[in-house]
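Me: Could you walk me through how some of the helices pack in this one? I have the sequence and the coordinates open.

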Amino acid sequence: MSQQTVLVIDDERDIRELLTITLGRMDLKVDAVGTVAEARQALSERSYDLCFTDMRLPDGSGQEIVELIAAEYDETPVAMITAYGNVDAAVTALKAGAFDFVSKPVDIQMLRRLVRTALKLAEEKRTGVGVSPTSSGSSDRLIGDSTAMQQVRNTIGKLARNQAPVYIAGESGVGKELVARLIHEQGPRATGPFVPVNCGAIPSELMESEFFGHRKGSFTGAVADKEGLFQAAHGGTLFLDEVAELPLHMQVKLLRAIQEKAVRPIGAREEVAVDVRILSATHKNLAALVEQGQFRQDLFYRINVIELRVPPLRERRGDVPLLADYVLRQLAVKSGGGTPVRLLPEARQALEDYDFPGNVRELENILERAVAMCDGDRVDAGDLMLPQRPPRHGAEAGTHAHAGHHAPPAYAPQGHPPAAVPSAQTPSSELPLDDYISNLERTAIMKALEESRYNKTAAARKLGITFRALRYKLKKLGID
């Protein structure tokens with residue numbers, strides 16, 4: 001295989017030399033130039049496996065080069081070299097097609113990791129090996145022909161190719177974790193781990209140990225070394241779901257870990273380098289929380305380099321029949337692979353007319369319940385047991401930043417038929433809200449455990465939470 005080549009564009013001689021030496025030691029051939037004009041010339045004469053460009057150049061900007069490469073040499077990954085802390089420039093470059101950025105002073109270890117990821121990316125683009133954006137089994141899990149969903153799929157393809165942190169916004173139940181998985185699966189980190197974390201499910205006092213790990217004996221109960229979520233995601237993607245739930249003390253530590261690309265386990269003397277891509281999501285309005293001082297602005301800028309909004313189901317009603325057919329096919333496979341149950345026309349119509357405050361997750365729950373309740377192999381409108389309430393059209397539906405939060409308990413825990421949930425009256429005055437919610441959770445968890453013959457993995461899937469979150473809840477509620 002011929003030697004891979006890198007183009008370095010920087011008007012500072014010492015940076016050019018540093019990169020030339022470092023990359024040379026990685027067995028790469030380096031061409032180094034100092035201006036936009038020389039870069040244009042070099043790019044037109046040969047193809048490069050990777051390109052580094054400084055932000056400011058004597059005859060133009062690095063941004064021009066990023067745009068030129070994105071338009072004419074899109075096989076070549078390009079990284080921007082920015083002044084330390086210049087987040088705006090980095091964001092602009094990432095949006096224009098740069099796959100990552102390096103801060104001055106250049107950290108050699110970080111640079112090497114970045115180069116390895118970039119060359120893998122270039123190789124996949126050239127050979128078509130790797131996970132292609134349309135590969136079966138990944139993006140076809142994102143069901144829908146609506147313009148909104150086509151846009152989401154296109155954006156996922158673009159975001160998969162760079163390493164920028166992505167913030168996925170959307171109401172509860174729209175499928176934010178699926179979107180994060182697809183960004184991971186379609187990018188150069190696909191062979192690395194995808195580690196999803198529900199930030200709301202980790203008790204505050206365990207958070208630091210969960211994220212960063214600990215050393216044996218660092219606190220009571222630390223009977224062995226434990227690696228944290230950052231270490232578990234090394235070489236892959238860490239997905240921070242419900243990131244708005246992080247307490248402020250953890251936000252500071254998380255920001256540091258992301259900036260330094262290193263973590264310090266509790267009780268450890270030195271830091272451990274970690275190479276992870278950060279994707280995050282929440283159904284809350286993060287910008288509003290920043291304004292209220294509940295979420296750190298510097299962390300918000302760091303995780304929200306690019307925002308991807310996943311539309312609620314009511315904004316893509318045309319996708320409901322497709323989604324319903326998909327869910328019914330999945331349910332048939334789950335129950336042993338018979339013919340999927342059919343929706344009668346009036347049931348189909350009822351679903352199309354319904355507003356789905358709980359989005360796709362609610363649709364799944366409604367159909368799972370209907371399949372269990374219906375006679376034979378057909379579901380009629382009555383089997384759907386849709387909540388009777390005035391349709392929530394108009395401004396109110398559109399402006400609800402987290403409608404999913406206000407859904408009655410009937411469809412809070414996933415996969416949980418409403419029959420076993422106390423009716424949607426407010427908690428009785430003798431019962432504090434926390435206890436009332438704990439009781440609901442306990443009922444739902446016990447039922448899921450019984451139905452899955454006490455298989456915790458299956459019970460977690462039924463409840464629509466991660467296995468880790470279920471473990472915490474069992475501990476918290478004292479269920480053995």
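**Helix packing**

Reply: This is a predicted model. In helix H2, which spans residues 36–45, the buried residues are Val36, Ala39, Ala42 and Leu43.

Me: Why do those end up on the same side of H2?

Reply: Around the axis they cover an arc of only 120 degrees, which puts them on the same side of H2. In an α-helix there are 3.6 residues a turn, so residues three or four places apart point the same way.

Me: And what covers the buried residues of H2?

Reply: The cover includes helix H3 (62–72) along with the strands S1 (5–9), S2 (29–33), S4 (56–57) and S5 (60–61).

Me: How do H2 and H3 cross?

Reply: Their axes come within 10 Å and cross at roughly 20 degrees, and because angles under 35 degrees count as roughly parallel, H2 and H3 are roughly parallel to each other. The crossing is right-handed. On the H2 side the contact is made by Val36, Ala39, Arg40 and Leu43, and on the H3 side by Glu64, Ile65, Leu68 and Ile69; by class, that contact has six nonpolar, no polar and two charged residues.

Me: Switching topic, are H19 and H20 roughly parallel or roughly perpendicular?

Reply: The axes of H19 (residues 456–463) and H20 (residues 467–477) come within 9 Å and cross at roughly 100 degrees, so these two helices are roughly perpendicular to each other.

Me: Which residues meet there?

Reply: From H19, Lys456, Thr457, Ala459, Ala460 and Leu463 meet Phe467, Leu470 and Leu474 of H20. Sorted by class, this contact has six nonpolar, one polar and one charged residues.

How values were computed
Residues numbered from 1 in each chain as written. Predicted model: local features only at pLDDT ≥ 70, side-chain atom pairs only at ≥ 80, totals over all residues. Heavy atoms only, no water. Buried < 20%, exposed > 50% of the residue type's maximum accessible area, 1.4 Å probe, protein only. Helix = DSSP H or I, 4+ residues; strand = E, 2+ residues; numbered from the N terminus. Arc of directions from axis to C-beta. Contact = heavy atoms within 4.5 Å. Axes fitted to C-alpha atoms, helices over the stretch in contact; angles between N-to-C directions. Parallel < 35°, antiparallel > 145°, perpendicular 65-115°, else oblique. Left-handed = near helix turned anticlockwise from the far one by under 90°. Nonpolar A, V, L, I, M, F, W, Y, C, P; charged D, E, K, R; others polar.
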